[in-house]
Amino acid sequence: MSRHKTRAQMPIQRGRRMGVRSRGGTIMGSDGVVPHSRIQHDAAGTFRGGRASEEAVAGPRTAFKDKFQQTIITIHRWLGILACIYFVIWFVSGVVLAYVRWPAMDPAEKLTMLKQVDWNQVQVMPDKALAAAGMSEFPRDLRLEMSGGKPVYRIIDWKKGHHTVSAVTGAPIVRVSPEQALRIVQEQRSAPGATLAKGDLYRDQWTVTGYWNADRPFHLVHMNDAAGTQYYVSVATGEIVLDTTRHERMWNWVGSIPHWAYFEFIRWDTVVWEWTIYVAASIGIFIAFSGLWIGFSRLRLRSRYANGKASPFTGWMKWHHISGVIGGVFLAAWISSGLLTMYPGGFLETRKIVETEYSGYAGSKSPAFTLPGLAKLRAYTAERITFRRVGGEAIAVLENNGAKPLMVDVTTGQVRTLSLGQITQAARAMMPQANVVSTVLLKTGDEYWHSGFHAVKVPAVRVIFDDPAKSWFHMDPQTGEVLGLVDKTSRVDRWTVVALHDLDWWWLLQQGRWWDVFLFAVTVPGLIISVTALTISFRRLQRTNLVPAGVAGVLSGGRSRPAPSGGGSMPLAARSDTMLVAYASQTGTAQGLAEKTAAALRSAGVKVALRDLGHVDAATLAEVRRAIFIVATTGDGDTPDHAIAFERRVMRRAASLQGLDYALLALGDRQYRSFCGFGTSLHRWLQAGGARALFTPIHVHDLDADALAAWSRQLSSTTGHSADLVVERAPFEAWRLLKRRHLNPGSAGGAAFHLELGSISGSARWEAGDIAQVATSFWSEFDPSGEIVEREFSIASAPVDGRLHLLVRQMRSEQGDLGPASALLTERAAIGDEIPLRVRRNAGFRPPADDRPMILVGNGTGLAGLRSHLRRRVALGHKQNWLIFGERNAATDAFYADELRAWQARGELERLDLVYSRDQAERGYVQHKLAEAADEVRAWVARGAAIYVCGSLNGMAPAVTETLVAILGEPAFEALIESGGYRRDVY
């Protein structure tokens, strides 16, 4: 199992559908919401909405109706807590998006980037350029323009591939260097001050979509101008394909990125992105329509409520109700049409113009395209020349920025035009099976062809056919270009989706500022719905203790709920002089630092109480004057496993902590956004309770020596006592590669290898569960004083084996290149080569000290961490072992199958469950096997079994946790965690 240097040993993610506690701490029902009996009725059994429950006296049909309605209300209420946040973001970002669009560069803008074509340098005819590019037929697009002071042909083939051929030499241009890209920008933009920002950029926030695949990678050039302009130059063609400005980038972070969920980490994977939108939009649709139904069912325009009002609600609920009735229709239409803009399953999606239609209009696909009239063409100035055929006639379209295009006959070199009749005649060949009904010249546009959010060319010629789809093709009379297609499907889409979601009405767009007024008019009710829902949701979460006390105090103007009985502060005189040192540790690092700190304080004569934070409560904090907290954050801002009880039972309530002075050291990893997230949350909670920080909390990345030294200095200056907290890491040593075996030839997954290494010095020590850190170079090249790139792997053997075993899967980049560590270990290194390696203690995954039963659960290369425990236990004669392991296919992915079967046959592995997901008609995984064996799991835990999980953080690990909660029950599962009987090493 491999992972980056900084591992993700994540906290236990609580399930939502198993009747368990959520991360917020509220008991959840089997449908994932708070049971309605706890939130809908007061002590007298009356609905808080104001209507008495009649279920006890009503008939079955009425009772069912009431239950159904209450279920919808409950789901609406709790899903709405998240949905209202989405709605606020979508409304605000949608308004921004209406005025600042996603960065793009259309042909008109590209024209502004070009210099005039130097005809004197043009030595190669179009047909020769096409031959050089490997074209056997005339392409989709062919144009001549300047690039870096030289004329080039730009070609787009029928598969959307992009090609560039020099018009001087006839040689294809297949790669542009970073230096050449910089010169191209400097020359075309007359910008000698431009600089290269990054070469060979495969993808970033502004090039994340598949639209750019034909142009990747890019060289990024900064203009260093006041606008913060950046240009993207295609490495493959040398063309400037995109520009962005600081203004565009800033407003897109407020507009299109949150609106479309265009965050790079989501958008690059189209499937993940689409399903993110589908799920979020579907939730929004349910909230909108259920809200409409609830709102109208509670509205009384004739028979008013007892208070004389049409709404039974008061305060924020009244405003939510009224705005929901008024703006709910637009909200429901807007979110529904927004989902349809994704065209799920191709629904309402306009078809593309196909190659045969383009070629029919051209009249020929022959690549024989020469310029007999070249001498006369040289008389014209042009910044871009596009070559095309219309009805079999070859033409050249000469374009200059700010001027009307000029159409020239390539044979005679004479200026020419296209009549409606000529365009109609050429268009007939696009659909020979249909008839042309009419041809119309659109001078300014209409409801089906106009520039709204997307620019279109006018004037345009519309050719209408009588085919079943009622196709309308649009052509540019000035250039002969086929502009687009509008058919029956797209006309339905235009009125049911585009008009609703984008407010794209031609008559309204022509009214100028009235369109802006209308946009804000329909947006404000939706914002009121969302903001009132946010306020109501926050207050509901406060009542259920799902809002951290610190946040509640801030948002409620400093007013906090009273502390629970026994959790209040004691008078200062009653507090003990014993100093509390509390730690929250996942891998053992924070615990080690806390033990060092406690030892130093004790040696100085200070009374110290060293506690795991999971065993600290509000009463403990009320008993001491001073406390030191040393806490880790696991993963992206999450709480270490053993501190979850403290977070839920203590931090979720306000506590009066006046009289408590504290110091806080937070450990974390800067690669995560929520760096030291748990430490930050603890600090805020302490501050909200009135505790006083002795100094600003110190955040430490990867045991940074300077940060730890600063902590020691601060501790010494405020308490009079210091501790040496420098963590000495084991040095890298030379290890010899002794054996390597490919474990899964033919697998659908990445190649996996078993490796065995031996310590040259023979002094290395490790325990089951520990980590091997491998530097990505040979020992002969290793410089311990230089920058070290290292990767971590779970050790797959026990010390008794004498050799260090690894299970390594090859990891590849998007370009297909092997990662540095897997390349070294699986390909570059030969048997006998020496590799730099050191062992890192992984206290959070070390084995039990006794021979208690063990249930080991994992998937993929996570088997490595489990195998080390099994080999240790087999060597010690501990036979109460149960392994549940999952992979893809038994035929190719049965890692260590012979060894596992042998242990089972000898009684050293009491139970073995192998789950191969792709060998089943309906895929099953390790969590399903656990659920099937629920009775046996409970029996093993009753015998004192420890459960160890190793493998995928996403998917497997949370699913296993959720299944175990369902099997054992919440209290028993929490007890297992707090006793150290449930440990995970997931990545």
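User: Where is the place of P217?

Analyst: P217 sits in the loop between β5 (195-201) and β6 (218-222). Before we go on, this is a predicted model: local features need pLDDT of at least 70, side-chain atom pairs count only at pLDDT 80 or more, and totals for chains, interfaces and linings use all residues. Residues are numbered from 1 along each chain as its sequence is written, and side-chain values use heavy atoms, with hydrogens and water left out.

User: What joins R216 and P217?

Analyst: A cis peptide bond, with omega at about -15 degrees. V458 and P459 are also joined by a cis peptide bond, with omega about 5 degrees. P459 belongs to the loop between β12 (436-442) and β13 (460-465).

User: How many helices and strands does the chain have, and what makes a stretch count as one?

Analyst: The chain has 30 helices and 32 strands.

User: Why is T597 called buried?

Analyst: Buried means under 20% relative accessible area, exposed means over 50%, and partly exposed is what lies in between (1.4 Å probe, protein chains only). T597 comes out at 1%, so it is buried. You'll find T597 in helix α18 (residues 589-603).

User: What does the side chain of T597 reach?

Analyst: The backbone oxygen of L593, at 2.9 Å.

User: Is L348 buried or exposed?

Analyst: Its relative accessible area is 14%, so L348 counts as buried. L348 also has a positive phi of about 65 degrees, although it is not a glycine. Look for L348 in the loop between α10 (315-340) and α11 (355-362).

User: Why does K470 count as partly exposed?

Analyst: K470 has 40% relative accessibility, so the in-between label applies. K470 isn't a glycine either, yet its phi is positive, about 55 degrees. K470 lies in the loop between β13 and β14 (472-475).

User: How much of the chain counts as buried?

Analyst: 53% of the 987 residues. For a closer look, take helix α23 (residues 820-828), where A821, S822, A823, L824, L825 and T826 are buried. The buried residues of α23 pack against several strands, including β22 (733-742), β23 (752-759) and β27 (834-840). Contact here means heavy atoms within 4.5 Å.

User: How do you know that β3 and β4 pair?

Analyst: Two strands pair if DSSP finds at least two bridges between them. Strand β3 (residues 150-156) and strand β4 (residues 162-166) have 5 bridges, in the antiparallel sense.

User: What is the order of the open sheet of 5 strands?

Analyst: The order is β30-β29-β28-β31-β32, with parallel pairing. Its edge strands are β30 (911-916) and β32 (982-986), each pairing on one side only. Strand β29 (residues 881-887) pairs with β30 over 6 bridges in the parallel sense. Across that pair, W882 stands opposite R911 in β30.

User: Why are α29 and α30 called oblique to each other?

Analyst: Angles run from 0 to 180 degrees between N-to-C directions, and axes are lines fitted to C-alpha atoms, for helices over the stretch in contact. Under 35 degrees counts as roughly parallel, over 145 as roughly antiparallel, 65 to 115 as roughly perpendicular, and the rest as oblique. Helix α29 (residues 956-968) and helix α30 (residues 970-978) pack at about 120 degrees, with axes 6 Å apart. The two helices are therefore oblique.

User: Which residues make the contact between α29 and α30?

Analyst: T961, L964, V965 and L968 come from α29, while E970, A972, F973 and L976 come from α30.

Terms used:
Helices (H or I, at least four residues) and strands (E, at least two) are DSSP runs, numbered from the N terminus. A polar contact is a pair of N or O atoms within 3.5 Å; within protein, one must be able to donate a hydrogen and the other to accept it, and residues adjacent in sequence count only if both atoms are side-chain atoms.
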